[in-house]
Amino acid sequence: MKISSSLSVGLMLAGLISAQAAMASSNIRYEHDMPASCDNAQFQQDRQSYMQRYKHSSVSYGRHIELPEHVCGKVVRVFRARKSRSGWHGYFLLSVGEGKPLRIVSNLDEMNAPQWPWVKEGDEIETRGRFYFDSPRRQGLDWTHHGTSRKWPWGGFVNVNGEHYE
C-alpha cells in the first residue's frame, strides 16, 4: 500500500510531537530560578497556585511539583528525627506568613550541623531548598543541604539565628 507524501509527513510530525510531549513530561521543569534572598511572597504565590490547581486531588506519581524556594520565618514546632530510604531526617514547621506553616525537611546525614534538634521553637530561620507539592496536605521544603544532583541543581542551607548549616 502506498502512502501519500503529505500523509507520511503528517504521521512523522504526529510521532515527533508525541515523542516531545513524552520527553517533556518526564523532565523536571522549573517555573523560576532559585531566589537570591528570602522571597516569601514568591513562595506564597507558588503555594497558592498549586493549592488552587490541585484543590481536590493529588499530583499523579512522577509528576510531582518541585520548585526552588528561599524563605524566612520562625520555627513553630520541632519534630523528632526519623529514618527514611535516604537516611536520617529532621523536621520542623516554619511560619512564613499567612497560611499554614511550611514543613522543612533536613537530611541529617548530609548536613554539616550538630546533633538533631539544632532548631527550637521561636528560632529565626532562613532556608533554601526544593518546595515539593504532592497534595494540599502533603507539601514542604526539602533538599536543604549543600548537595545537588542531575535533577536538582541548587544546593540548599538552613540559617538558624545567623548560624549557617548546609
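Colleague: What does the accessible surface come to?
Modeller: About 10,200 Å² for the protein. Carbon and sulfur atoms account for 51% of that area. Bear in mind that this is a predicted model.

Colleague: And what share of the residues is buried?
Modeller: 38% of the 166 residues.

Colleague: New topic. How many helices and strands are there?
Modeller: Two helices and seven strands. Along the sequence the pattern reads α-α-β-β-β-β-β-β-β.

Colleague: Which residues touch the most other members of the largest nonpolar core?
Modeller: Phe92, Leu94, Trp118, Val119, Ile125 and Phe131. That core has 23 residues. Among the elements giving it two or more residues are helix H2 (40-53), strand E1 (65-84) and strand E4 (124-135).

Colleague: Pick Ile125. What is Ile125 in contact with, leaving aside neighbours within four places in sequence?
Modeller: Its partners include Val71, Val75, Phe92, Leu94, Val119 and Val158. Gly73 and Asn159 are also on the list.

Colleague: How many contacts join residues at least 24 apart?
Modeller: 61%, counting contacts between residues at least 6 apart in sequence.

Colleague: Now strand E5. Why is it largely enclosed by the rest of the structure?
Modeller: Because four of its five residues, in the run 138-142, are buried.

Colleague: In which sense do E4 and E5 pair?
Modeller: Antiparallel, over five bridges. The two strands form a hairpin, with two residues between them.

Colleague: Which residue is the bridge partner of Ser135 in E5?
Modeller: Arg138.

Note on methods
Residues are numbered from 1 along each chain as its sequence is written. This is a predicted model: local features need pLDDT of at least 70, side-chain atom pairs count only at pLDDT 80 or more; totals for chains, interfaces and linings use all residues. Side-chain values use heavy atoms; hydrogens and water are left out. A nonpolar core is a set of buried Ala, Val, Leu, Ile, Met, Phe, Trp, Tyr and Cys residues joined through side-chain atoms within 4.5 Å. Buried means under 20% relative accessible area, exposed over 50%, partly exposed in between (1.4 Å probe, protein chains only). Contact means heavy atoms within 4.5 Å. Accessible areas come from the Shrake-Rupley method with a 1.4 Å probe; for residues, only the protein chains shown count as cover. Two strands pair if DSSP finds at least two bridges between them.
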